Amino acid sequence: AGADIKVTSNDNQTVLHLAAKKSESQLLEELLTIPETVKIIDSRNNLHETPLWCAVSAGQLPCVKLLLSREADISTSLPGDVTLLHLAAELGYGDILGMLLGDRRISDLRNVRSKEGKGGTTALHLAALNGHEDCVARLLAASCDIYSVTTVTPYYGSTALHLAAVRGNIGVVKTILEHDKNTLCFKNADGWYPLHVAARFGKKDCVRLMLLKGANLAATISDSGGYKKTALDIIVYSILHPLSFLERIFDACIEVNEYPLNNPKCIAKVNYDILQPLGPHRKQLRVLDSLLNCGKYAVQEKLLLHPLVETFLYLKWKKLRIFFFLMMLLYIVFTMSLTTMSMFYYVFKAQSLAVDTCVTACRFTLCVSLTLITLQELLQAARMQRYYIKDLESWVKWVTFLLATVVVIGRHPAPWLVHVSAVAVLMSWLELLFLLSRWPSTIGFYILMFFAVAKNVVRVLATFTFVILGFTFAFMIHFEAKVPFENWWEALVKVMVMTLEFDYGSLYEGISGVNATSIVGRSIFLSFMVLVAIVLVNLLVGLAVSDIATLEKQGRAQRLAKQIDFLSMLEMFVYNRSLF
């Protein structure tokens, strides 16, 4: 009829633009048979869109196919370097994206990044951000760069995995990890790993999948305040019910066949990858170190007692136990040399060449062993950090080292050095007991039970301090500071001894009859016997042993924590690649 096919509308759209948006492709096919359409097949409307752009944005696969068959320009982009691949990936049109990727002209456009104002994203980034699993799979199959990063604003220099983690797009995360698990080790511009990002935004499914694929619970990042945090720290404070969440993940690492656990035919397969994650590091205890440093005792205790952790530590201990004996030997040498030197100075007090030689040998041995142990403890303190500072044994060690140093450099014999030497020797033998508690047997368990009960007793006594002090001053005043209540310290010690041994006869010898002194004194003693000797002492016994099951659980957890502490120290010097 002579109509001009090149005529455009007010918004600069041609008939091809309008036809490409229609669900029926027959009209577009008919128009493309007209020779003049070759001149307008790549024309742009006011939005800079070509007919091919209109077809893609409308999701019209037949129209896209027709335009591509007519050699429509596939490289056209919108302002900001937004390509057709960006558009199809963002909208989730997997079939259209597949058709575009199959075009021979697309190879140079697969990894094009948009301009900074558009986020510096590739098509893969947009597909991951919007949760289009099919599009992500097609882009990865077309060899799109999985490590390409966005601009810092607004996406913090992230990879596709980071973006999927932010939105919790579990299908996309799974697709990316099946393609390349090493993306878990890639940081964004803020230094955050994908696991940390998923945990920070509370995306539990993504966190679980990443951990089972080898993400590192011990990997450290810096938060906005500049504080170092591991992935475990973020999970504990950002994920709802973190303990049950982590327990389920640990449970998933253990597979059991159809037989019950007490059946000889039962076979359990244990996967320790979550405790030995991906990464260039060579330390197998990093995850368990982070567990000790996480600051949540309930989480520590439960996870330490999990079969996954217990069996891992058992196998690790079998590999490195020889070094425990060597370390124990070093501490024994330190303790014996300190004790022997102090004994020569203040017990034997013999003066001879042989004694001087023995003292010199003890001093030299003490200096060498003390130096080695101190260096080892400094390295351990730098590694364990929060756990090391909070651990009572650490303070016992440093008090022992300080006192031992004074003993070594002091001018013996001296009255004040007697007391320093006595306390140093006592502390060194206590430290041997602490070290032995790491042994994975009933010996180590009983030692930790002993310290657990001791803590309960000290806690109760501290709570009832005012009762003890009240009777201390009452007896001191009543007996007018006579023996054995001459001063507050002797009176306090006597009151503490009286909780076990009353010594009633000697206390009131010479005080008889019914008078004020007898009545008041015996009333105070009777009150002491009821309130302290009966009530308080029985309370101490009851609290100390009331819940044996809880004490056993705490003892086991503490023993495992001590093993981690010790094995972690060994890994600074000795590394074994395999548990078996």
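Which helices each supply at least two residues of the lining of the largest pocket?

Analyst: This is a predicted model, in which local features need pLDDT of at least 70 and side-chain atom pairs count only at pLDDT 80 or more, while totals for chains, interfaces and linings use all residues. Residues are numbered from 1 along each chain as its sequence is written, and side-chain values use heavy atoms, with hydrogens and water left out.

Helix 17 (297–304), helix 20 (386–390), helix 23 (442–463) and helix 28 (548–571) each supply at least two residues of that lining. A helix here is a DSSP run of H or I with at least four residues, numbered from the N terminus. Helix 23 gives the largest share, six residues.

The largest pocket holds about 570 Å³ of space, a volume filled by probe spheres set on grid points joined across faces, edges and corners. A pocket is an open set of points on a 1 Å grid over the protein atoms alone, where a 1.4 Å probe fits, with protein on both sides within 12 Å along at least five of seven lines; lining residues have an atom within 4 Å of a point.

Of the 22 residues that line the largest pocket, Y297, Y387, D391, K455 and Q558 are the closest to its centre. By class, the lining has eleven nonpolar, five polar and six charged residues. Ala, Val, Leu, Ile, Met, Phe, Trp, Tyr, Cys and Pro count as nonpolar, Asp, Glu, Lys and Arg as charged, and the others, Gly among them, as polar.
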